[in-house]
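Visitor: I would like to learn how to read the disulfides in a structure. Could you take me through them step by step?

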Protein chains: 2
Amino acid sequence: MQMIHRFIFSHALTGFTLSVMRLTSTALLFLLIILSCNSLALKPQLLGRDTVQTYPHHTSVSYKTFYFDQQIDHFGFLENGTFKQRYLLNDQHWHKEGGPILFYTGNEGDISWFCNNTGFMWDVAEELGAMLVFAEHRYYGESMPFGKESYSNTKYLNYLTSEQALADFAVLIKALKTTLPGAQKSSVIAIGGSYGGMLAAWLRMKYPSAVVGALAASAPIWQFIVPCGEFYKVVTHDFTISGTNCSSNIRRSWAAIDRVSASGEGLQWLSQEFGLCSSLKTPDEVYGFKAWLQETWVNLAMVDYPYEANFLQPLPAWPVKVVCKNLHFDTGVSDKQLLNGISHAVKVYYNYTGDAVCLNTSQTATGNLGLLGWYYQSCTEMVMPMCTDGIIDMFEPQPWNFQAFSDECYNQFGVRPREDWAEIVYGGRNISAHSNIIFSNGNLDPWMSGGVTTSLSESLVAIMIDGGAHHLDLRYSNEFDPESVIKTRALEVRYFKQWLNQAATTQ
Amino acid sequence: MQMIHRFIFSHALTGFTLSVMRLTSTALLFLLIILSCNSLALKPQLLGRDTVQTYPHHTSVSYKTFYFDQQIDHFGFLENGTFKQRYLLNDQHWHKEGGPILFYTGNEGDISWFCNNTGFMWDVAEELGAMLVFAEHRYYGESMPFGKESYSNTKYLNYLTSEQALADFAVLIKALKTTLPGAQKSSVIAIGGSYGGMLAAWLRMKYPSAVVGALAASAPIWQFIVPCGEFYKVVTHDFTISGTNCSSNIRRSWAAIDRVSASGEGLQWLSQEFGLCSSLKTPDEVYGFKAWLQETWVNLAMVDYPYEANFLQPLPAWPVKVVCKNLHFDTGVSDKQLLNGISHAVKVYYNYTGDAVCLNTSQTATGNLGLLGWYYQSCTEMVMPMCTDGIIDMFEPQPWNFQAFSDECYNQFGVRPREDWAEIVYGGRNISAHSNIIFSNGNLDPWMSGGVTTSLSESLVAIMIDGGAHHLDLRYSNEFDPESVIKTRALEVRYFKQWLNQAATTQ
């Protein structure tokens, strides 16, 4: 999360308009939950070396790391080079000669991190007799088409698209089924969360010969076309239901910040009150501070899990409720009282452990290229309009401005986003011709605003997880799991078995 | 046809191995039937000008010509240029506000020629209240991504792929539905023949949101994966059933040619007997002469229509039968007697009108780039293995040699074909997840060897046209049409109506 913020900040310094920056930051939040966690990732494994990672209360996770020679460009023949696509494989529970392959369609980050954070696949492998494969998305982790130069210029970035990534997956699946002894008859099920969930759904849509079905968890495949205010509406709703006056106090906080920060004394007070590592001095910094707060609320909504967890940050169970305990004020409260509450609320997110010395609103970069990668993707085909109006949501009004966004992209990369392409290539709302896809969404997750939340046919099934945040169903089972996610996982496995049976009878 | 032959010949002169050349020529035959007819095409129309073409016994064909700004590269963002994609439109019978759009997915040639040779669409427009649209395939006709430079180097050719063409169609359809008043609710049906039929099927597979169904006429979508000898087996079968000893005499002709051409006198006799414009002198020329004969037999099988027609050449009804009347010999016949029969047979194809002064086995180039375009496509993703063994077919044995083909492609274009890509991207035989596609094939058409000839599901329907040659069903109705094609067209229209009803009820 902080990386994003820094990114925005660096843009502010190079003169991008603030309004655009805010929108960009929102568009990038999708990445946030993934890439911020790259630091958690295991170190890359050498070919042939086993990796074993032990989690409390869970079976240890072990896999082998492989590299597959993948075409840099599947859709043109001038560039005929290849790169090493990383994938991780576990066949401990696999029933050879027919046991399925659960294939994680890697998203915008290090695949070992996804491998370790998709406990659901590890939990169900034995029951399904399944091989697990986690395939890394090109331009992330170790899978760099042009090595260290991959992000050095727009020419090299040209092959970073979802279509190329899907082709990578389809080609890899074909190769696995052809070359792995015993896998010829194995059906493949695609599984992914967030952008990885979109890829899982799209893999089934575009390459149904490769996968018999897909679990698309918290996959906002319609974020390109839903009204731009929907996302922040869900965020706001989470805070509204998590405590009296919670969202309305956050809504009022923006003006309070403006009033307090109007004076030098106020700026100093704000900086001290929030324990910022670097004091606020300029209006731009105040703007960045507000953007940082906004992203904090969004992140909290996404990771509002029912148990203590360490996904983006170490957090208590139901963190939004904990946050909202600090925001019960009635309307009579003073600006400073209100902001004192906000500061306590924010510290639930940034300092649950009590170890933080100060809060850093513009953290240093980690050098992780993934952030830039997703920014490039959102600047080309992954155009997700976002806006706020301060009425249906608790944020400051901010319209969606495609042209400004496009100009920013052009300045940054020399490319312009194509506003309609994602809808055309992936079908928009008209996807009923497809089959065997589960769209699971949590009703607390802001990304459900762009998700498929009602079933479209008998085999395009939507599952809403009551009390679920961002792809809760893909996490390891937990003793505090609500009944909804337990049932969801059971239903998902039932669909898997149904697809596998279907495939077995038609082969 | 002759253009192909010339092309092969020019290769022979630049030192390519003969075995590869023969195979290449075969792989190119698909193009043949299309591009050889470019000379028949109407002259390009200016925007806004109406074109009216009158056919005997048929309603006059009239359309308007438009040009759509299409992305040169749909799958990358570095190349952000656009080009003018040509499309032809007729809305004479269109029922606004809901009437369907029949959308011809143009193949490797001038779209006005397809427009004028797909009488079926014109015949059914009124019954369906349909708009007709014929969209040109990039790199053919007038739709040149880099203008006159489009074929000047491999860099410019890089965007000539079926995937880019499909994206063109999907984007154009979206634009038509968005911008044409009254078309918002119009369902679109894709129609195509030969490679255009493959594109129609693939458009439905890859972009089912764009088209509610597809008629893929004589579309060999499995030619990439069927045994390499199947194509020539069908050619041979056509000659076997069209006259006593017909195919066996053709099989024996190759050795007869070798024996006769072993002497200078024999070469001269052969040249005179066939009325060749240019006498045979070298073994390479004899090889080219045999390749030319082979292609002639293939073409005859493809256009073995039940009535006089002028598709590739002016021909009598059932031309293969007419050809075979010259090839009834028993085994006792002499080489020269046999070849005299062959010469008469060939002249049915090249001189039915009696106007030909001599037969030209290496005609001059017409400057038509389409030929080169298809050659490039077959050198990249459209890899259709072809072979002969002289046993199940009537040709000289010729194995499929992918490596030699690849080397030839590399020498010609600096690109190498990807042997497995078409199967991966278009699903190979595993396409049962798709829906609403009619695969029509004629049992006389060699391309049915790579076609879908048995239904795969209730909505993936195969129709075999008994006595049908290459996409007979797409031609204008004719008084000599066999019952089979009349029924086929009626069934096709019935499926169209079913898809339109389906779409209307789910909208």
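Visitor: What is the torsion about the S-S bond of Cys379(B) and Cys409(B), and is the disulfide left-handed or right-handed?

Guide: A disulfide is a covalent bond between the sulfur atoms of two cysteines; here a pair of cysteine sulfur atoms is counted when they lie within 2.5 Å. In this predicted model, local features need pLDDT of at least 70 and side-chain atom pairs count only at pLDDT 80 or more, while totals for chains, interfaces and linings use all residues. Residues are numbered from 1 along each chain as its sequence is written, chains are lettered from A and ligands numbered from 1 in the order in which they are written, and side-chain values use heavy atoms, with hydrogens and water left out. The torsion for Cys379(B) and Cys409(B) is about -75 degrees, so the disulfide is left-handed. Cys379(B) sits in the loop between α14 and α15 (402-413) of chain B and Cys409(B) in helix α15, so the pair ties together parts that are 30 residues apart in sequence; helices (H or I, at least four residues) and strands (E, at least two) are DSSP runs, numbered from the N terminus.

Visitor: Are Cys379(B) and Cys409(B) buried or exposed?

Guide: Both are buried, which means under 20% relative accessible area, with exposed being over 50% and partly exposed in between (1.4 Å probe, protein chains only).

Visitor: How far apart are the sulfur atoms of Cys277(B) and Cys358(B)?

Guide: They are 1.9 Å apart, and the torsion about this S-S bond is about 100 degrees, so the disulfide is right-handed. Cys277(B) is partly exposed at 38%, and Cys358(B) is partly exposed at 30%.
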